[in-house]
Amino acid sequence: NNDANNYETAAVNFNQTTGNKNNSIVTSAADDNDTESSSTTAKTVLTQTTLDQLKEKLLSLPSSSSSSANTNNTSFSKRISDALEEAIQHATRLQNARRKTEKGKNSRWMHIRPNYSQRKAILCSLRRRIAVIRGPPGTGKTKTAALLVSSAIRLSPTNRVLAVTHSNGAADVLLDCLLLLGVPAVRLGRPASVSDRLRHRTVVAMSERMPEVKRLRKALEIGSSVNYQDRTATAYDLRQCLKETQRMILKSAPVVVTSCIGAHQLHLLSSSMTEEENNNATTTSTNNNNINFP
């Protein structure tokens, strides 16, 4: 009854607005037995057919807000599709290059282009805040997740992804697939818990390859015969350099892959980094008020 009353009111307003009397979908009927009541009041008769017609006409009315929303949704959907296609093409080019350079060797290969269900899962996930992708073993969930991450970082140059898995083994599998697709991912965690083939992508291993770290490490080895104070100072500088280098890698890496425990450690590290930056900014701004901090 409430719906019927709402449609009745909307129908009357619709007829008054459009002035369409010939094709009116509201029938005003007077009571033939009572001329006095018919002159003062009119009964609106709405059948199921007229209700359906009313729905169609009301839904067909132009709406600037709905059309703008539809335009935005269409534009975002196109951006998502373009990002996925760009990720596929980039991975395909890398794989073809590996085939040429590793000809005659045991080159690794994977079927990059997703099937219909995998593509649908990726596009649907990118449109939502939360998405769950399920499937039995061998259906390409890891590849789908890797393409999802690769597409996400291509939607915007500022996008960064934290990929968290339930175990170190799952993190290694995901990282391996990301590297095959050409995604610049790094692995957070103890190097001992990472497979030998992927250990070079850990934050610790990458920081050890930095020139300044190598210089301090070499100076510490050479200075074994130097006095205790110099060795202590060099060791302190090395620890600080490693700490800052690892922070720099974590803050600049587009994709960080880790386990649940590693994600918690990253959260604690980020909190301490923010606290130290705020303390440094406060101290420096007290000494020199002209310095602007990013």
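Me: Which residues does L250 touch, not counting residues up to four places away in sequence?

Reply: L250 touches R160, L188, V203, V256, L266 and L269 once residues up to four places away in sequence are set aside, where contact means heavy atoms within 4.5 Å. This is a predicted model, in which local features need pLDDT of at least 70 and side-chain atom pairs count only at pLDDT 80 or more, while totals for chains, interfaces and linings use all residues. Residues are numbered from 1 along each chain as its sequence is written, and side-chain values use heavy atoms, with hydrogens and water left out.

Me: Where does L250 lie, and is L250 buried or exposed?

Reply: Buried means under 20% relative accessible area, exposed means over 50%, and partly exposed is in between (1.4 Å probe, protein chains only). L250 has 8% relative accessibility and therefore counts as buried; it lies in helix α10, residues 228-252. Helices (H or I, at least four residues) and strands (E, at least two) are DSSP runs, numbered from the N terminus. L250 is also 63 residues from R187 in sequence, while their C-alpha atoms are 9.5 Å apart in space.

Me: How many helices and strands does the chain have, and what share of the chain do buried residues make up?

Reply: The chain has 11 helices and 5 strands, and of its 294 residues 28% are buried. Among contacts between residues at least 6 apart in sequence, 62% join residues at least 24 apart.

Me: What is in contact with V213, leaving aside its neighbours within four places in sequence?

Reply: V213, which lies in helix α9 (residues 211-222), is in contact with S207, E208, L238, C241, L242 and T245. Because its relative accessibility is 0%, V213 counts as buried. From V213 to R239 the C-alpha distance is 9.0 Å, although the two are 26 residues apart in sequence.

Me: At roughly what angle do the axes of α9 and α10 cross?

Reply: Two packed helices are described by the angle between their axes and the distance between the axes. Axes are lines fitted to C-alpha atoms, for helices over the stretch in contact, and angles run from 0 to 180 degrees between N-to-C directions. The axes of α9 and α10 come within 9 Å and cross at roughly 160°, so the two helices are roughly antiparallel to each other; angles under 35 degrees count as roughly parallel, over 145 as roughly antiparallel, 65 to 115 as roughly perpendicular and the rest as oblique.

Me: Which residues in α9 and α10 meet?

Reply: On the α9 side they are E212, V213, L216, R217, A219 and L220, and these meet R231, T234, A235, D237, L238, C241, L242 and T245 in α10. By class, this contact of α9 with α10 has 8 nonpolar, 2 polar and 4 charged residues (Ala, Val, Leu, Ile, Met, Phe, Trp, Tyr, Cys and Pro count as nonpolar, Asp, Glu, Lys and Arg as charged, and the others, Gly among them, as polar).

Me: How do the axes of α6 and α7 cross?

Reply: The axes of α6 and helix α7 (residues 168-180) cross at roughly 60° and come within 9 Å, and α6 and α7 are therefore oblique to each other. In their contact, T142, K143, A145, A146 and V149 in α6 meet V173, L174, C177 and L178 in α7, and these residues divide into 7 nonpolar, 1 polar and 1 charged.
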